[in-house]
Amino acid sequence: MPLSNKSISILVVMAALIALPWWAGDLYKLHLAALICTYWVLIGGLNLVVGYCGQLSIGHVGLLAIGAYCFAILAGTHGLHPGLAIAASGALCALCGLLLGLPSLRLPGFYFAMATLAFALIVTEITLAQGNLTGGGVGLSVPGLPAPFDTPQGTYWLILAIAALVTWLTWNVARHTWGRGLVAVRDSAVTAQAVGVPVFRAKLTVFVFSGFTAGVAGALFAVLQSYITPDTFVFELGLFFFVCIIIGGRGHILGPAIGTIVLTALPEMVAPLAKLGNFFYGLLLLAVVLLVPEGIGRVFEILIERLRPRRGESHVVKPDLDRLARAIENGRSIL
Amino acid sequence: MSLAARDITKRFGGLTALSQVSLELKPGEVHGLIGPNGSGKTTLLNLLSGYYRPDGGKIALDESEISGATVQRRANLGIARTFQKPRLLPTLSVLDNAMLGGWRDARAGFFATAFSLPQVKADERALRSRAEELLHGVGLSHAIGRRANLLEHAEQRFLEIARGLAQRPRFILLDEPAGGLTAAEIEHLGAVIRVMRESGVGVLLVEHHTDFVFRISDRVTTLDVGAVIKHGTPDEVKRDPEVIRVYLGA
């Protein structure tokens with residue numbers, strides 16, 4: 001079977017990512033790559049909520065924290081198998097997503113964002129208050145993964161595989177009827193209703209899905225950190241997830257993925273930027289919003305459109321009535 | 001078999017937008033709805049498609065009441081509509097916009113979609129070919145892959161009609177579809193509406209171009225300040241002194 005350019009580039013990128021432990025050079029870079037993949041597990045799911053469905057959640061760091069503590073408590077304190085603990089973290093956060101989404105997803109944009117912000121703040125307070133469960137301000141140490149994932153390489157490959165899976169799942173959602181329905185909810189709720197999209201249920205479904213991926217990401221994040229305290233889950237982290245998607249571009253998958261990589265790696269790789277801290281994120285956000293408000297993803301699209309030869313741009317509408325009649329009658333013959 | 005408004009009253013605060021209005025839309029007919037600005041045409045269309053709830057009277061589909069049904073429920077029952085100002089998804093392609101109309105026929109749920117099960121691919125193929133045929137049919141062959149925000153006004157109007165037809169409607173409600181079209185484009189629109197009628201779709205045509213409405217409609221209802229002043233064949237309505245006085249003039 002001949003491969004398209006697209007599948008070849010996907011294969012090349014995947015091969016490069018799998019081989020990363022051999023070309024990354026040092027373990028720190030490998031850790032950074034694993035961290036990026038972990039963030040992407042969360043951001044990939046969140047992308048359906050923010051980028052496709054247009055629901056501005058800035059509180060996913062709360063779900064990340066719940067997933068991380070759930071993993072640390074189940075796998076550490078109770079000695080549950082880490083694999084099961086990861087799944088349990090995802091399930092718990094999907095449930096939290098459901099409970100948070102049920103009342104808040106009916107709110108208009110700004111108020112929904114505030115509700116998710118409040119949620120993230122509440123989670124921090126609870127982790128501090130429930131000291132006998134979470135270790136309070138002292139925190140919890142997190143057990144590692146069992147063999148063969150107990151080496152830095154093994155952990156990286158596992159996280160990479162999960163990140164690839166999340167990418168595949170969200171890509172499938174985005175390019176089929178569900179993706180079009182979500183974009184309709186984002187861009188014109190009236191249109192979404194008119195074609196039959198159950199607006200609230202669609203929002204809630206992707207929000208629960210994003211809760212699941214945030215929970216899994218939380219577990220993986222805890223493993224990478226090996227020790228977690230409430231300070232690990234600062235509110236800026238929630239804003240960072242959101243900004244990755246806005247910079248990457250709404251309604252794209254590749255854009256937010258690049259956004260995640262750039263925003264995580266740049267401050268780490270370029271020392272002067274690290275000193276700037278949040279200032280760097282703010283500057284980048286400002287630049288993107290002012291220069292390419294549709295994000296990095298749109299820049300790629302525009303480049304591709306430029307490369308493609310333009311045929312004469314006709315705008316003349318000329319109906320083909322026989323074909324129209326056949327198409328309508330075919331539709332009406334379906335029961 | 002009909003989509004009907006029976007003695008509908010609709011108030012907005014102290015304003016009575018419609019009072020005791022009745023209208024029956026039958027399959028395979030074009031029903032024109034005309035009247036001066038603010039006479040309640042679009043309000044009636046919003047009541048039929050479910051965006052508003054009536055304060056009195058009922059909306060019935062095939063004699064069963066649907067006054068309380070959501071817009072989505074009515075879409076699934078086969079009622080489609082277009083908007084006065086076309087409401088498209090600007091970042092999606094023309095084809096994707098038309099395929100959005102096939103939502104009710106995509107049977108795969110979220111998880112089946114996420115895992116790309118065979119049902120999803122089958123749905124997608126069927127929807128794609130239906131949407132492509134409709135786009136060729138309404139005259140948008142040249143624009144199928146284009147982003148919807150690059151369309152000109154007339155193209156947007158025809159794309160909305162294609163999206164509505166992709167819903168496989170029994171009834172389609174067109175809100176001023178000729179608005180902003182050139183004479184030639186209005187001719188095309190008329191031809192498209194006739195094809196819908198011949199295929200058995202009931203078409204409600206809310207329009208200001210009265211000559212167009214009289215030329216194409218089987219029956220015409222005229223509204224003025226929220227009440228029906230005349231209902232009948234185009235010829236009857238055209239000659240009615242009251243219609244001439246409040247709307248047609250001279």
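**Core, interface and sheet in the predicted model**

A162(B) touches A98(B), L134(B), L135(B), V138(B) and L140(B), residues up to four places away in sequence being left out of the count. The structure described here is a predicted model. Together with F71(A), A162(B) has the most contacts inside the largest nonpolar core, which has 172 residues. Helix α11 of chain A, spanning residues 199-225, supplies the largest share of this core, at 15 residues.

Helix α4 (residues 60-77) and helix α5 (residues 82-104) of chain A pack at an angle of about 145°, and their axes are 8 Å apart. The crossing of α4(A) and α5(A) is right-handed. On the α4(A) side, the contact consists of L63(A), I66(A), G67(A), C70(A), F71(A), L74(A) and A75(A). These residues meet P82(A), A85(A), I86(A), A88(A), S89(A), L92(A), C93(A), C96(A) and G97(A) of α5(A). By class, the contact of α4(A) with α5(A) comprises 13 nonpolar and 3 polar residues, and no charged residues.

Between the chains, 54 residues of chain B are in contact with 39 residues of chain A. On the side of chain B that touches chain A, two or more residues are given by each of α2 (71-76), α3 (94-100), α4 (110-114), α5 (118-138), α6 (153-166) and α7 (183-198) of chain B. Of the elements of chain B, α5(B) gives the most to this side, with 10 residues. The residues of chain B on the side touching chain A divide into 25 nonpolar, 15 polar and 14 charged.

Chain B also contains an open sheet of 4 strands, arranged in the order β2-β1-β4-β5 with antiparallel pairing. Its edge strands are β2 (15-25) and β5 (64-65) of chain B, each of which pairs on one side only. Strand β4 (residues 56-61) of chain B runs antiparallel to β5(B), and 2 bridges join the two strands. In β5(B), S64(B) is the bridge partner of L61(B). Helix α1 (residues 41-49) of chain B lies across β1 (3-12), β2 and β4 of chain B. Relative to β1(B), helix α1 of chain B runs at about 120°.

Terms used:
Residues numbered from 1 in each chain as written. Chains lettered and ligands numbered in written order. Predicted model: local features only at pLDDT ≥ 70, side-chain atom pairs only at ≥ 80, totals over all residues. Axes fitted to C-alpha atoms, helices over the stretch in contact; angles between N-to-C directions. Left-handed = near helix turned anticlockwise from the far one by under 90°. Contact = placed C-beta atoms within 7 Å. Nonpolar A, V, L, I, M, F, W, Y, C, P; charged D, E, K, R; others polar. Core = buried A, V, L, I, M, F, W, Y, C linked by C-beta atoms within 7 Å. Buried ≥ 20, exposed ≤ 12 C-beta atoms within 10 Å, placed from the backbone. Pairing = 2+ DSSP bridges.
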